[in-house]
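Here is a set of questions and answers for someone who is meeting this structure and would like to see how each label is reached.

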Amino acid sequence: MEDFRHNRVPILVATDLAARGLDFPDVCTIINFDFPTSTSDYLHRAGRAGRAGKKGSVYSLYHSKE
């Protein structure tokens, strides 16, 4: 995580644990591979991108059966 924080690696793969409590100020893109089951979880995940007035994007991958 330290390498990600200092822009030495471009991608961090994480669980929902990363959606709460971790602070990475320069995250610009979030990709939800497993769509969140609650709006609260979605907002916490999406809230990691574009913080402090910066722009960010959130993409959610899901199947029609979800």
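## Reading the labels

Q: Which residues is Asp-41 in contact with, leaving aside its neighbours within four places in sequence?
A: In this predicted model, Asp-41 is in contact with Asp-16, Arg-20 and Pro-36, once its neighbours within four places in sequence are left aside. Asp-41 itself lies in helix α2, which covers residues 39-46.

Q: Why is Asp-41 called buried?
A: The relative accessibility of Asp-41 is 19%, and the word buried is used for values under 20%, so Asp-41 counts as buried.

Q: What makes Val-27 count as buried?
A: Val-27 has a relative accessibility of 11%, and the cut-off asks for a value under 20%, so Val-27 counts as buried. Of the 66 residues of the chain, 20% are placed in the buried class.

Q: Where does Val-27 lie, and which residues is Val-27 in contact with, leaving aside its neighbours within four places in sequence?
A: Val-27 lies in the loop between α1 (2-5) and β1 (29-32). With its neighbours within four places in sequence left aside, Val-27 is in contact with Phe-4, Arg-48, Ala-49 and Gly-50. Val-27 and Lys-54 are 27 residues apart in sequence, while their C-alpha atoms are 9.2 Å apart in space.

Q: How many helices and strands does the chain have, and what is their order from the N terminus on?
A: The secondary structure comes to 2 helices and 2 strands, and from the N terminus on these elements run α-β-α-β.

Q: Why is the chain said to be as compact as a globular protein of that length?
A: The radius of gyration of the chain is 12 Å, which is close to the 11 Å that the globule rule gives for 66 residues, so the chain is as compact as a globular protein of that length. Along its principal axes, the C-alpha trace spans about 40 × 25 × 20 Å. Among the contacts with a separation of 6 or more, 49% are accounted for by residues 24 or more positions apart.

Methods:
Residues numbered from 1 in each chain as written. Predicted model: local features only at pLDDT ≥ 70, side-chain atom pairs only at ≥ 80, totals over all residues. Heavy atoms only, no water. Helix = DSSP H or I, 4+ residues; strand = E, 2+ residues; numbered from the N terminus. Rg over C-alpha atoms; globule rule 2.2 N^0.38 Å. Buried < 20%, exposed > 50% of the residue type's maximum accessible area, 1.4 Å probe, protein only. Contact = heavy atoms within 4.5 Å.
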